[in-house]
Amino acid sequence: MYPIPNFPGYTADEQGNVYNKHGKLRKSFYKDKRKLRRKIKLSVNGIASTIALSRVILSAKLGRKLKPYEDACHINGEPLDDRMVNLKASDRLNNIIDEIELGRIDTTEEYLNQAIQRLQALKK
């Protein structure tokens, strides 16, 4: 069992499960089933936070809170496989590139041209 940083009393196992201080399994849920991302609600001092399960598990694996620019990247490309061995820290851009390679993001010429225009606007 791995303690979850910033959430005292909560632990995670290598299979991607989260437990409270009494050892009871916490259930994850889908906030939006179309995105295939599981969320989990954790409380500290009576204040509840809803967080992506993959970020919680990766944070426990690394032993630190993820930085705001870090994403929990699924190595095998399966967004519901939140086992520790399947998660790595990555930046948003590389995570998006992985999604494109897996065919999960629209890569039509029109879409890519819009993305290029948005990037060029950021450079100004």
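Reader: So, as I get it, two strands pair if DSSP finds at least two bridges between them. Which strand is joined to E5 here?

Author: This is a predicted model, and in it strand E5, residues 29-30, is joined to strand E6, residues 38-44. Two bridges link E5 and E6, and the strands run antiparallel.

Reader: Ok, which residue does Tyr30 stand opposite?

Author: Tyr30 stands opposite Arg38, which belongs to E6.

Reader: And how many bridges join E6 to E7?

Author: Six bridges hold E6 and strand E7 (residues 47-52) together, again as an antiparallel pair. For instance, Leu42 has Ser49 in E7 as its bridge partner.

Reader: What's between the two strands of that hairpin?

Author: Two residues sit between E6 and E7 in the hairpin, and there Asn45 takes a positive phi near 55°.

Reader: Back to Leu42. What does it touch, leaving out residues up to four places away in sequence?

Author: Quite a list: Leu42 touches Phe7, Tyr10, Val18, Arg26, Ile47, Ala48, Ser49 and Val56.

Reader: Which residues touch the most other members in the largest nonpolar core?

Author: Leu42 is one of them, along with Ile4, Val18, Val56 and Ile57, in a core of 17 residues. E6 and H1 are the elements that give two or more residues to this core. H1 has the largest share, with five residues.

Reader: Switching topic: how much space is in the largest pocket?

Author: The largest pocket has a volume of about 1000 Å³. Its lining has 35 residues, and Arg92, Asn95, Ile96, Glu99 and Ile105 lie nearest the centre. Helix H1 (53-62), strand E8 (70-74), H2 and helix H3 (109-123) each give two or more residues to that lining.

Reader: Which of those gives the most?

Author: That's H2, with eight residues in the lining of the largest pocket.

Reader: And what kinds of residues line it, by class?

Author: The lining of the largest pocket has 16 nonpolar, six polar and 13 charged residues.

Reader: What is Asn95 in contact with, apart from its neighbours within four places in sequence?

Author: Asp71, Ala72, Cys73 and Ser90 are the contacts of Asn95 once those neighbours are left aside.

Reader: What about the second largest pocket, which residues line it?

Author: Ile4, Pro5, Asn6, Phe7, Ile51, Arg55, Val56, Ser59, Lys65 and Leu66 do. The space in the second largest pocket is about 180 Å³, and H1 supplies the largest share of its lining, three residues. By class, the lining has six nonpolar, two polar and two charged residues.

Reader: Last one: how many cavities of 30 Å³ or more does a search of the whole structure find?

Author: One. The largest cavity holds about 30 Å³ of space. Arg37, Arg38, Ala52, Leu53, Ser54, His74, Pro79 and Asp82 make up the lining, which counts three nonpolar, two polar and three charged residues. Arg38 in that lining is the residue that Tyr30 stands opposite.

Notes: Residues numbered from 1 in each chain as written. Predicted model: local features only at pLDDT ≥ 70, side-chain atom pairs only at ≥ 80, totals over all residues. Heavy atoms only, no water. Contact = heavy atoms within 4.5 Å. 1 Å grid on protein atoms, 1.4 Å probe; cavity = no way out; pocket = protein on both sides within 12 Å on 5 of 7 lines; lining within 4 Å. Points joined across faces, edges and corners; volume = space filled by probe spheres on them. Nonpolar A, V, L, I, M, F, W, Y, C, P; charged D, E, K, R; others polar. Helix = DSSP H or I, 4+ residues; strand = E, 2+ residues; numbered from the N terminus. Core = buried A, V, L, I, M, F, W, Y, C linked by side-chain atoms within 4.5 Å. Buried < 20%, exposed > 50% of the residue type's maximum accessible area, 1.4 Å probe, protein only.
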